[in-house]
Amino acid sequence: MSHAKTPEFHTIVVGGGMVGAALAAELAQSGHRVALVEVQPPGAFDPEGDHDLRVSAINRAAQRVFQSLGAWEGMLALRAHPYQAMEVWDAAGSGRIRFEARDLAEPDLGHIIENRVVQRALWDRLEQDPMVEIIAPDTLMGLDVRRSHAELMLASGRRLKALLVVGADGARSRLRELAGIRVNSRYYGQQALVATVRTALPHEDTAWQRFLPTGPLAFLPLGDGRCSIVWSADDARAEGLRDLDDEAFCQALADGLDYRLGQVLETSRRAAFPLRGSQAEHYVRPRLALVGDAAHTIHPLAGQGANLGFQDAHALVSAVCAPGVSDAGDLRALRRYERARRGDNLIMMRSMEGFRYLFGSEQPPLAALRGLGLNLAHQVTPLKHLLMRHALGLGEHRT
């Protein structure tokens with residue numbers, strides 16, 4: 001840009017988690033001078049250390065973005081595990097569906113990667129990029145949006161100016177709050193329990209998910225033969241499970257998965273977090289945009305939360321770096337991003353709520369309907385392939 005009053009940064013990204021770091025790297029690769037503000041930078045990764053409790057199922061679309069950024073090899077070098085199949089079945093009925101990568105001639109259905117591995121590999125990439133200034137640890141304190149730029153005030157006393165400020169600072173986004181953007185949020189009355197477990201039978205590089213009346217239980221395969229589990233359960237059930245001793249918890253897990261992987265032999269420590277669905281009323285304002293959990297959160301039963309955030313980041317870069325866009329904070333460009341993502345994210349959120357209601361009911365007509373739907377999707381090959389392509393992120397929006 002040629003005019004003299006251009007701020008020192010094109011874009012300031014607030015929040016350096018997985019989605020914020022991916023966004024900063026994509027913007028920098030597209031020629032933006034980026035500041036990344038993060039309160040808690042990631043530590044060094046110890047490959048001999050235990051698995052983190054928070055993992056994501058990274059789909060093909062996100063993988064391609066990471067490959068284009070030069071961060072994918074770093075993730076594989078730290079710790080990542082491809083899975084070949086996914087099996088889903090209903091505890092209260094006869095419904096079952098199985099997806100296999102070979103049915104689509106794909107090498108895998110995705111990779112199970114710890115969130116901190118994704119973040120660490122992206123930060124390794126950012127730390128080498130002359131277009132990125134990492135400001136961490138530091139905290140956002142104030143926001144001043146003007147006609148020509150936005151200004152941030154940080155706890156360190158530093159003031160930053162940019163054409164665009166992006167909130168990637170999570171479900172309790174400080175930037176969203178300072179911008180006065182309201183969020184519609186609903187608490188699902190459920191908590192997700194996470195742990196790493198060892199099972200008697202091999203996981204077969206398969207992601208297993210069983211729908212129980214109190215919520216879905218997923219076993220996600222890890223490279224050392226163990227599984228990362230996510231058990232979403234109604235509050236009372238979740239709290240009961242959290243308070244069990246290890247032996248009783250392992251027994252409850254084996255029973256919950258109907259002994260598909262035999263007995264559960266050991267478990268790590270457990271953590272639980274409340275489940276909410278939320279949508280920001282606006283994803284954009286003049287000179288401001290929200291991505292990832294700052295813009296929306298969904299029920300984890302399809303494991304798509306992180307992938308939706310990466311799609312947000314990619315769509316925002318596409319909008320503000322499009323030919324003819326000279327000002328990244330221009331509302332017309334930002335609205336293109338909002339149109340591209342808000343509807344899709346809302347549909348995904350409502351779909352997950354519908355699934356949760358459908359599979360959480362023990363009423364015989366609904367149980368029969370579930371069984372019919374799962375079995376039909378399993379048997380109708382074009383429908384099954386469509387669902388698989390969508391989960392892989394290989395739909396219309398290829399990256």
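Among contacts in the chain (heavy atoms within 4.5 Å) between residues at least 6 apart in sequence, 73% join residues at least 24 apart. This is a predicted model, in which local features need pLDDT of at least 70 and side-chain atom pairs count only at pLDDT 80 or more, while totals for chains, interfaces and linings use all residues. Residues are numbered from 1 along each chain as its sequence is written, and side-chain values use heavy atoms, with hydrogens and water left out.

The chain contains eleven helices and 20 strands, taken as DSSP runs (H or I of at least four residues for helices, E of at least two for strands) and numbered from the N terminus. Of its 399 residues, 52% are buried, meaning under 20% relative accessible area with a 1.4 Å probe and protein chains only.

Helix H1 covers residues 18-29, and eleven of its twelve residues are buried, so H1 is largely enclosed by the rest of the structure; among them are Met 18, Leu 23, Glu 26 and Leu 27. After H1 comes Gly 31, with a positive phi near 100°.

H1 packs with helix H2 (residues 60-69) at an angle of about 50°, their axes 10 Å apart, where axes are lines fitted to C-alpha atoms over the stretch in contact and angles run from 0 to 180 degrees between N-to-C directions. The two helices are therefore oblique to each other, the class left once angles under 35 degrees (roughly parallel), over 145 (roughly antiparallel) and 65 to 115 (roughly perpendicular) are set aside. In this contact, Ala 22, Ala 25, Glu 26 and Gln 29 of H1 meet Val 65, Phe 66, Ser 68 and Leu 69 of H2.

Key:
Buried means under 20% relative accessible area, exposed over 50%, partly exposed in between (1.4 Å probe, protein chains only).
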